Amino acid sequence: QQIAPERMRLLTAEEAEGEARFLMREGEDIRPLAVGRLVTVRGADDYSELVTLDGNRLVQTRLAEFERMLDPARFVRVHRSAIVNLDRMVRAEPAGGGRLLIHLEAGPPVHASRAGAKALKDRTL
């Protein structure tokens, strides 16, 4: 399901009663999206595609803005055009040249760059 591109904002913890949410415009409606249901954010110029457990949404927000809004303990930028939710990661496998292929609960696998693979490996126990 694609949503008309719109601006969005992150609710404070108090507004979301302890769970962070985005407010998103869907046509004339405004709906919350729980950040925990977010699997991947893929960037393309001024837009980002949100891959969630419930489907995909296109929003007019840059990937860099998402990177600032999302909790760095849960979300990692693994490529110049992708942020992944570590809570939704199933596994990562070597993809050659120091890169990784990250499999997630929803959506296609995400290719991690060498720097992104290092950022992910740095969190490994």
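Glu-93 is found in strand S9, which spans residues 89-96. Strands here are DSSP runs of E with at least two residues, helices are runs of H or I with at least four, and both are numbered from the N terminus. The model is a predicted one, in which local features need pLDDT of at least 70 and side-chain atom pairs count only at pLDDT 80 or more, while totals for chains, interfaces and linings use all residues. Residues are numbered from 1 along each chain as its sequence is written, and side-chain values use heavy atoms, with hydrogens and water left out.

Glu-93 counts as partly exposed because its relative accessibility is 25%; buried means under 20% relative accessible area, exposed means over 50%, and partly exposed lies in between (1.4 Å probe, protein chains only). When residues up to four places away in sequence are not counted, Glu-93 touches Arg-99, Leu-100, Leu-101 and His-103, a contact being heavy atoms within 4.5 Å. With His-103 there is also a polar contact, side chain to side chain, at 2.8 Å. Such a contact is a pair of N or O atoms within 3.5 Å; within protein, one must be able to donate a hydrogen and the other to accept it, and residues adjacent in sequence count only if both atoms are side-chain atoms. His-111 is 18 residues from Glu-93 along the chain, and their C-alpha atoms are separated by 9.9 Å.

The interior comes next. A nonpolar core is a set of buried Ala, Val, Leu, Ile, Met, Phe, Trp, Tyr and Cys residues joined through side-chain atoms within 4.5 Å. The largest one has 14 residues, and those with the most contacts inside it are Val-78, Ile-102, Leu-104, Val-110 and Ala-112. At least two residues of this core are supplied by each of S7, S8 (82-85), S10 (99-104), S11 (110-112) and helix H2 (114-121). Strand S10 gives the largest share, 3 residues. Another core, of 13 residues, lies apart from it and includes Leu-50, Val-59, Leu-63 and Ile-83.

Ile-102 lies in strand S10 and is buried, because its relative accessible area is 0%. Leaving aside neighbours within four places in sequence, Ile-102 is in contact with Val-78, Met-89, Arg-91, Ala-92, Pro-109, Val-110, Ala-112 and Leu-120. Ala-117 is 15 residues from Ile-102 in sequence and 9.3 Å from it in space, C-alpha to C-alpha.

Asn-85 itself lies in strand S8, and its relative accessible area of 0% is why it counts as buried. Beyond four places in sequence, Asn-85 touches Val-35, Gly-36, Leu-38, Val-39, Arg-74, Phe-75 and Leu-104.

Finally, the strands form an open sheet of 5 members in the order S6-S5-S4-S8-S7, with antiparallel pairing; two strands pair if DSSP finds at least two bridges between them. The edge strands are S6 and S7 (75-79), each pairing on one side only. Strands S5 (residues 47-52) and S6 (residues 55-59) run antiparallel and are joined by 5 bridges. A hairpin of 2 residues connects S5 to S6, and Thr-52 stands opposite Gly-55 in S6.
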